[in-house]
Amino acid sequence: QVQVVESGGGLVQPGGSLRLSCAASGFALDYYAIGWFRQAPGKKREAVLCISSSGGSIYYSTSVKGRFTISRDNAKNTVYLQMNSLKPEDTAVYYCAAITSGAPRDPYEYDYWGQGTQVTVSS
């Protein structure tokens, strides 16, 4: 079955780091574009980082560029979101999503979604 599962969220102090994992089953993540999204209470879901399957196209949210990076472990069929220098404004539920083509910023374009993992940045 096609499944995407996020993990790695938690509570961290401002300036700290977290690494989120996006593990896929039923398909090979390296053949799909991946989008990381986040949604805070009462807010719309927004794109954080989106990358094409080849890595040729990438989008970073202005608010996270220089702080967040993406990496792949093809053997584990997993994509990671490394989050450094975290700010309280980064607090949200983070989602991983996959699509067969492109790397759109619109969350409604994506085919497969995980259940989300909570990231809380607070002192």
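Tutor: One idea to start with: a residue counts as buried when its relative accessible area is under 20%. Keep in mind that this is a predicted model.

Student: Okay. Is Cys22 buried or exposed?

Tutor: Cys22 has 0% relative accessibility, so it counts as buried. Cys96 is buried too, with a relative accessible area of 0%.

Student: How many disulfides does a search of the whole structure find?

Tutor: In general, a disulfide is a covalent bond between the sulfur atoms of two cysteines. Here the search turns up one. Cys22 and Cys96 form it, with their sulfur atoms 2.0 Å apart. The pair links distant parts of the chain: Cys22 sits in strand S3 and Cys96 in strand S9, 74 residues apart.

Student: What about Cys50?

Tutor: Cys50 is in no disulfide; the nearest cysteine sulfur belongs to Cys96 and is 10 Å away. Cys50 is buried as well, at a relative accessible area of 0%.

Student: Which strands are joined to S11 by bridges?

Tutor: Strand S2 runs parallel to S11, joined by three bridges, while S9 runs antiparallel to S11, also with three bridges. Val119 in S11 is the bridge partner of Gly10 and of Ala92.

Conventions:
Residues are numbered from 1 along each chain as its sequence is written. This is a predicted model: local features need pLDDT of at least 70, side-chain atom pairs count only at pLDDT 80 or more; totals for chains, interfaces and linings use all residues. Side-chain values use heavy atoms; hydrogens and water are left out. Two strands pair if DSSP finds at least two bridges between them. Helices (H or I, at least four residues) and strands (E, at least two) are DSSP runs, numbered from the N terminus. A disulfide is a pair of cysteine sulfur atoms within 2.5 Å. Buried means under 20% relative accessible area, exposed over 50%, partly exposed in between (1.4 Å probe, protein chains only).
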